[in-house]
Each structure stands twice: as structure tokens, then as C-alpha cells.
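Me: Please go through this model with me, starting with confidence and then the interface.
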Amino acid sequence: MTQTLQTPAPLGDEPATVGPRRRSDRGPSTPPWLYAVMAVGLFLVVIPFLWMVISSFKPEAEVRAVPPTWWPETVTTENYRQLFTKLDFPRYFLNSAIVAVAVAVGNMVFCSMLGYALAKLDFPGKRLVFAVVLGTLMVPGVVTFVPLFVLTTNIGLTNTLPGMILPFLAGPFGVFLMRQFVMSLPDELIQAARVDGAGELRIFFSIILPLCGPAVATLGVLTFLTSWNNFLWPLVVATSEDKYTLPVALALYAVGQNATKYGLLLAGSVVVVLPVLAVFLMLQRHIMQGIASTGIK
Amino acid sequence: MSVTATESRRERPAQDSRPPKSRHVDPTRRSQAVAAWVLALPFCLLFLVFTAGPVLASLGMSFTDMRSTDVRSPLGVEFVGLENYADLLSDPVFRKVTFNTLIYLLLGVPLTMASALAVAVALNRVTRLRGFFRVGYYLPVVTSIVAVSVVWKFLLRDEGGLLNAMIGWFGIDGPGWLDSTTLALPSLVAMSVWRNFGTMMVIFLAGLQTIPREIVEAAEADGANAWGRFRHITLPMLRPTLLFGAVITSIGYLQFFEEAFVMTKGGPLDSTKSVTFFTYEQFGFGNYAYASAAAYLLFLAIVLMTLAQFRLLREKD
């Protein structure tokens, strides 16, 4: 495990000067058939998305047509109109956004603080804290949700947005990412600041933190995406419709009384998927580096 | 699990600008420790209350008879020892979901790893458009499982599903993929492989790029063919990455849930119900202790499997 975790390998689309061992510059030239295979494979991979977006603009009858159509014979935005007027999708969208932003900001703040302490400072209990945090990387959400539900019920947070946010504010993944990043910063930086008489906290906030920009951004994006797609806990803790997040609303509609409204469900899927695809495509370079260097999404 | 013990040792935040002299117990070390705990404390408190605490509470709960009616007074419940675990092992539904989860694991992990490795090896040979392909193949990973499950549910429909329409062009009459007790589970795995292989692809590609070109060239000069180079150079050198990938992928498949929730509701006839699904259901019935015990057995399985994979893949040299 450690090898993957500690060597941020150079990725394909960086400047050619980065990695001394990049094989693409010197390797044999790519056979043209490989491009064809890759292109066909890519088309197959994105077909579900294309079909989802295209079909969400079909009228209900056409979505259920046998045999199915590819291009819509009639283009309509009726599905979206219903989603945003008859169903409460603006509310779900807002809930999802609030929860995901809060979780992302919380992780950016708390994980970089602990990550720095673990990487560069000496303190009693350090090894224990790291071991415990690392140990819970393996704990599945299904193990904690029952006691968490009892806890949130007793402190009055069931069916509230804070109840959805608090359990995810401090995640082990972020600590890991930030610790790895801070360890790569030179110790001399901190030594020099100490010699100049800067306090320990000041060293963190005005010297280290500004240098952590890329890592903190990566962490923010990754935790935002994870939270946006999170399902089990919001499903458990949101007991009334006005607290649903998008995935919860979509899943419950898909298995509930709206299960037969295909066009509506497809439009709902587009609303859930499209924002994260947009965020991802804009920031994909950060995200890819984060995944390759820590090995965890 | 004794984070609390170390926490009691924390001291009050020191003044930022304490002169680094005139202290008998190494002042820099001391102010470092204080600052470290100030930085660590917010995370540790949240972590104790919302992660470490529930992990232990769940274990404790699994030895009791707690039900939803006991939520307001969790301490008033009875200790029943291993009764929940004994009941689980003789519960036919739990046996069924355990078997299903095992099949998810045994089908899903090799398929996900193999597709990821194949695409990564191909991407590593591509000189142009690599970034473009990598992003494209990675797209399914960032999307909500719930949303793509809804889409795949329609793609896999018997009448009017896109998949059956496409294989119909070749004269094959496709079945109702999600309506069959034998086909539903493999169909969910197929969709899950599609959703998940991108993560491993990126990790494997990063691993492939650390293999020195010189070794590959030396093997080529010695007359090794492409398969031989893959078998005797790429795979052995990629072992740590493969091990890591196997662990992460397995942990994912053992927690299989959302796909089955949306696409089949665990059916037909419980044929796609997983352990996580079972736990969620028992929670819904109000059987909190029983649900916790099931979750802990899953947790135990994850830990044991991870340790086994480390032994297997590491000691083969």
C-alpha cells in the first residue's frame, strides 16, 4: 500500500520535462488501430450518458416506445418543467448543494490542520491519532449508521441538514491526503520561520497553508463530489421530503409511486449527474492528480 | 481506541510569540506539542463523536436487544451476548445475502481490475489524446450511483430497452435482464464494473508510468514478445499497485447496495440483496441490534479479506 500512497507518479498530460521516466516520449509509436479501439470503447462507455440526456427531452410516450428511438421524434422540456414545478427538485438541489459545500469546507479546514500536525510536528499521542484515523479508512458506512441515527435522534438533529453534514465534516481520507502533501514540503521552511521567531500556529496559517493551495483544492473537489453522491446516510436521516438530497429523492421516486414516469426520472438523473460532470471536467487535472497520488477517491 | 487518554494530556494554547529560551523542558518541543494539539483538536473531537464513537457503539449495540423503541433510552436495553450473531448465522435471508455479496465480490473484483488494467495498458501506449481518453473513461466514476442506476434500469429493460434493441440487430432476442433470478445479479455487476473501473485505471496508469523504460527495452532486445513482457515485467512491477487496487475494489464490492436498491429493490426473490441491503432493511424494521450485528460481521469480513490479500500478494516473491 505504501508505495502507491507515497509516490505521486507523473501523469500523462503534464509538461514533458516533469518525469524522467515517461515512456511516451521515447516509446514505440502508437499503432493506429489502438486509437480506433480506444475510441469505440470510449463511445460504449459514454452511451448511457448520451442516451440519458437525449431521452430526457422525449415525451413520456416516446421514452417507453418499443422499439426505442435514439433521437427524439418530438423534443420537449416538459419533463424538466414537471421536475421543477410539480416536484420539489429546486429544494433537493439546494439541500444537496448546502450539504456538499459544508462538508467540503469542513474537510478542507480540519484535515489540513491535523494533516500538518501529523506531518511536521512532534506531539504526544501522534502515532496513536494517526493509527486510529488510518484504521477507520476501512470502516464501511453501514457499520456506523445505526448508532449515528440514535445519536442524532437524541441531540435533535434527525431530519436536519446539520445532521447530514456533521458526521462527514472530519473524514480520514482528507487527513491522509493533506499529510502526504505537507510531508513533501521542506522542513527548512519551518526551521527558518522558527529561527525568525514565528509562533507555531502562525507558521501553519501564514506559511504552510498558502503553500497547500493545490492539495486543499483537490481535497475540496473530491469531498464535494463524494458528498453530492452520498446516499445511505442522507436516506436514513432525512425523514421528510423537504430534507431530501437529490440522490435520495431520485432513488425514492424511482422505487416509489413515480417508478413508471420514465421521462421524469431520466430528467432527474440529468439534474443529479450534470453539475458534477461539469465540475469534474473543469477541474479534472486536480482530481486526477489527487487520485493518482493517494490512490483513493 | 484510547484517543481520550491522550487527549486529556492537552494543554492550554501557548502564546504565539513565546521566546524560545528560559524553560527547563525544551521550550520548542513543548510549544510544538501544544500547537499540534490545538490544530488536531477540532478534527479529533468531531472524529470521536461521529466516527470512532459510533464504531464502538455499534459493536456494543450488537450484543444487546436494542430496537427502535429504545432510542430515547439506549442504556435501558438488555445484554444478550452473542444471541444476535447466532440468530444471523441461522437466518436463511442472511445466508442468502451473504452468498450474494460473495458473488458480487468474486465477479466484480476480477472484472473491474481486468478492465482497468487493460485500459491503463492501452492508455500507456497511446501518445496523443491520452488526457482526453483518460478523462472520458473516468467519467462514470464521478457520477451518482443512484442516477446511473436509474439510467441503466431503463437501458436493461426487456421491451424497449436500448441493450436488447442493440443485440436485436444481430438477431438475438435479449432477456429481461433485471427480471431473472439468475441474470439480475450479473447485470448489476456489469453496471458496477462500468461505474467503477475508472478509479483503478487512473491508479494503474500512474503505476505503469513508474516502470523504467530501460527494463522493457532490455526485454525487447532479448526477444521477449508483448505478452511475455506484460507477464514477466509489467505484472510483477505493478504488484504493490495491484495489491492496493484489489483491496480498495474488494472493500467497495463488499458494501454493494445502491445499485440493488434502485434497480431491483433486492429482487427478484432476494436474488440481488446484499449484506448492506439486509442491514438497511433490518434498521427499517426497527431491529437496531440485529442490524448492528450484521454490519459488524461485514466489517469483520472486510478486515479479514484485507489481511488475507496482503499476505497472498505480498509473499509470493
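Reply: pLDDT is the predictor's confidence in each residue, from 0 to 100. This is a predicted model, in which local features need pLDDT of at least 70 and side-chain atom pairs count only at pLDDT 80 or more, while totals for chains, interfaces and linings use all residues. Residues are numbered from 1 along each chain as written, chains are lettered from A in the order written, and side-chain values use heavy atoms, without hydrogens and water.

Me: What is the average pLDDT of chain B?
Reply: In chain B, 90% of the residues score at least 70. Residues 1-23 of chain B stay under 50. The chain B average is 86.

Me: How many residues of chain B are in contact with chain A?
Reply: Contact means heavy atoms within 4.5 Å. On the chain A side, 115 residues take part. For chain B the number is 109.

Me: What area do chain B and chain A bury between them?
Reply: Buried area is the accessible area (1.4 Å probe) that two parts lose on being put together, summed over both. Carbon and sulfur atoms hold 76% of it. Leu39(B), Phe43(B) and Phe50(B) supply 8% of the area that chain B buries against chain A, more than any other three residues. The total is about 10400 Å².

Me: How many salt bridges does the rule find across the interface of chain B and chain A?
Reply: The rule asks for a side-chain nitrogen of Lys or Arg within 4 Å of a carboxyl oxygen of Asp or Glu. Across the interface of chain B and chain A, the number found is zero.
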